[in-house]
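Subject: Handing over the structure

Dear colleague,

I am passing on to you the structure that we spoke about, and below it you will find a written account of what was found. Please keep the structure open beside the text as you read.

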Amino acid sequence: MKKGKRAEKKRYERPQIVRHHSGFMNKFGRGSFQTPLREIDGVPVKKLIAEYGSPLFVISESALLKKFREAKRAFGPRYPKTTFAWSYKTNYLRAVCSVLHREGAWAEVVSPLEYEMARRLGVPGDKILFNGPAKTAESLSQAARDGARVHADHFDELHLLEKAAASLGRKLPVGIRVNLDAGIYPAWDRFGFNLESGQALEAARRIDASRTLTLAGLHCHLGTYILDASAYRRATVKLLDFAALLEAESGNGLSWLDMGGGFASRNTLHASYLPGENLIPSLHDYAAAVTEPLLERYASQDAAPILFLESGRAIVDECATLLTSVLAAKRLASGKRALVVDAGVNALFTAFWYKHELALTEDSTSFMEDTAVYGPLCMAIDIVRESVMLPPLTPGQILAVRNVGAYNMSQWLQFIHARPAVVMISEAGKPELVRERETLESMTGPERLPERLKGAGENIGG
Ligand SMILES: Cc1ncc(COP(=O)(O)O)c(C=O)c1O
């Protein structure tokens with residue numbers, strides 16, 4: 001050894017006696033970590049982290065387009081009058097919404113704020129579906145003027161809609177959200193008017209009796225991550241029966257039917273024993289369930305209603321990856337291995353629902369050990385994976401959390417750490433920054449510190 005140059009210190013870990021799970025029978029094998037995810041759409045993961053920092057969300061535009069086109073292909077040939085409206089809350093990054101709008105998706109929004117987002121992205125009012133339980137009088141007036149399709153959630157909103165329509169000088173076509181028993185429990189009966197109790201019929205009759213409104217559409221969103229495609233068949237049949245009853249009463253046919261979102265993505269729920277990808281119906285299963293009852297009811301497409309779908313997670317979940325770096329490896333009191341990584345539930349809200357699939361990004365030993373993966377928050381709830389087989393990892397190594405495109409980049413929390421940057425890899429394979437990492441300035445920007453409190457930190461107790 002040359003003088004002055006110190007030998008690199010070897011990492012040593014004190015031996016532990018831990019119960020081994022590697023002998024567990026598992027018909028899916030343990031292969032998920034064997035092929036590291038070295039690059040995303042041809043861009044090396046290490047390069048992405050070096051350029052944009054860690055943690056980092058990476059969206060593949062190609063994967064997003066592929067999934068959206070797949071969804072359109074599942075429905076369009078079966079029922080040509082199908083239109084997809086992008087569920088903004090699932091991921092309202094402007095780049096994501098814009099990719100989908102460019103592909104022909106309308107906007108589905110559930111708040112005045114989301115309505116404004118869609119308008120600012122240039123979406124014409126008459127290509128917006130306006131849902132949600134908390135629309136304001138002003139937003140309803142704007143929607144009425146813009147020609148947006150509003151789905152009323154409750155009787156108080158019908159009252160606001162009547163007022164909004166009064167100034168138009170013509171009758172305003174509206175829809176109602178209907179909740180019903182399609183065999184999915186607990187049913188989301190807090191949204192819209194209930195079918196079985198007669199509430200939906202009461203709402204329809206009230207609209208029919210109104211001087212300013214006419215009932216043109218029915219909307220139903222059964223819930224999310226619905227694993228039973230046949231629930232959509234039951235719901236569609238019930239809504240078409242309801243529409244037939246209304247038509248018999250009022251003479252008005254249905255202009256549109258919105259069957260909501262809820263199609264599952266490849267992720268695995270915490271309660272699930274089998275991996276999600278082995279359980280989820282295909283987009284074709286969902287499409288058959290929705291369109292077959294429609295085709296049975298309407299002999300020709302001319303008389304048939306437009307079919308809207310507001311799929312969120314099934315479209316966007318699988319197109320995004322969260323890259324996160326190992327900060328530390330440690331042992332719990334039980335001897336179990338634990339990792340601390342730099343992205344937790346603050347960035348990955350969906351870790352509360354899913355056993356997210358983790359991928360290594362470089363070669364490793366094949367010695368796997370049951371590991372807990374914790375995020376960087378100083379909070380016991382911050383768990384990325386409670387238990388996952390991983391090889392030994394050291395600080396600086398990168399893990400990839402797969403299928404994170406839905407409900408993270410909108411539900412993430414600004415809590416203890418800044419929210420990560422988001423990069424979209426274009427169809428041409430070029431990484432483009434679509435959201436900067438938060439900074440202290442961007443976080444505290446909206447705050448106002450009263451003059452009398454300024455400088456307090458420099459003068460503690462003084
Ligand atoms: C009214 C409405 N439409 C569409 C969606 C999108 O649902 P998903 O992401 O399950 O497809 C939601 C989400 O819950 C919703 O509330």
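The ligand is surrounded by 16 residues, and the closest of them are Thr 224, Gly 261, Glu 310, Gly 312 and Arg 313; a residue counts as near a molecule or strand if its C-beta atom, placed from the backbone, lies within 6 Å of it. By class, this shell around the ligand holds three nonpolar, ten polar and three charged residues, where Ala, Val, Leu, Ile, Met, Phe, Trp, Tyr, Cys and Pro count as nonpolar, Asp, Glu, Lys and Arg as charged, and the others, Gly among them, as polar.

Please bear in mind that this is a predicted model, in which local features need pLDDT of at least 70 and side-chain atom pairs count only at pLDDT 80 or more, while totals for chains, interfaces and linings use all residues. Residues are numbered from 1 along each chain as its sequence is written.

The chain as a whole

The chain has eleven helices and 20 strands, these being DSSP runs numbered from the N terminus (helices are H or I with at least four residues, strands are E with at least two). Along its principal axes, the C-alpha trace of the chain spans about 95 × 65 × 45 Å. Of its 462 residues, 40% count as buried; a residue is buried if 20 or more other C-beta atoms, placed from the backbone, lie within 10 Å of its own, exposed if 12 or fewer do, and partly exposed in between. Among contacts between residues at least 6 apart in sequence, 70% join residues at least 24 apart, a contact meaning that the C-beta atoms of two residues, placed from the backbone, lie within 7 Å.

Helices that pack together

Two packed helices are described by the angle between their axes and the distance between the axes. The axes are lines fitted to C-alpha atoms, for helices over the stretch in contact, and the angles run from 0 to 180 degrees between N-to-C directions.

Helix α8 (residues 230–250) packs against helix α9 (residues 283–297) at an angle of about 25°, with the two axes 7 Å apart. That angle makes α8 roughly parallel to α9, since angles under 35 degrees count as roughly parallel, over 145 as roughly antiparallel, 65 to 115 as roughly perpendicular and the rest as oblique. On the α8 side, Ser 230, Tyr 232, Arg 233, Thr 236, Val 237 and Leu 240 meet Tyr 286, Ala 289, Val 290, Glu 292, Pro 293, Leu 294 and Arg 297 in α9. The residues of this contact divide into eight nonpolar, two polar and three charged.

Helix α9 also packs with α2 (residues 61–75), here at an angle of about 35° and with the axes 8 Å apart. In this contact, Glu 70, Ala 71, Ala 74 and Phe 75 of α2 come together with Leu 283, His 284, Ala 287 and Thr 291 of α9, and by class there are five nonpolar, two polar and one charged residues.

How do α5 and α6 lie to each other? Helix α5 (residues 137–146) and helix α6 (residues 155–166) pack at an angle of about 50°, with their axes 9 Å apart, and they are therefore oblique to each other. Their contact is made by Ala 137, Leu 140, Ser 141 and Ala 144 of α5 and by Leu 160, Leu 161, Lys 163, Ala 164 and Ala 165 of α6.

Backbone details

Most residues other than glycine have a negative phi, and most peptide bonds are trans. Asp 41, although not a glycine, has a positive phi of about 50°; Asp 41 lies in the loop between β1 (39–40) and β2 (43–44), and is partly exposed, with 18 other C-beta atoms within 10 Å. Tyr 407 has a positive phi too, near 65°, and is found in the loop between β18 (398–401) and β19 (421–425), where Tyr 407 counts as buried with 23 C-beta neighbours inside 10 Å.

The peptide bond from Ser 54 to Pro 55 is cis, with omega near -5°, and Pro 55 sits in the loop between α1 (45–52) and β3 (56–60). The bond from Tyr 185 to Pro 186 is cis as well, with omega near -5°, and Pro 186 belongs to the loop between β8 (172–179) and β9 (193–194).
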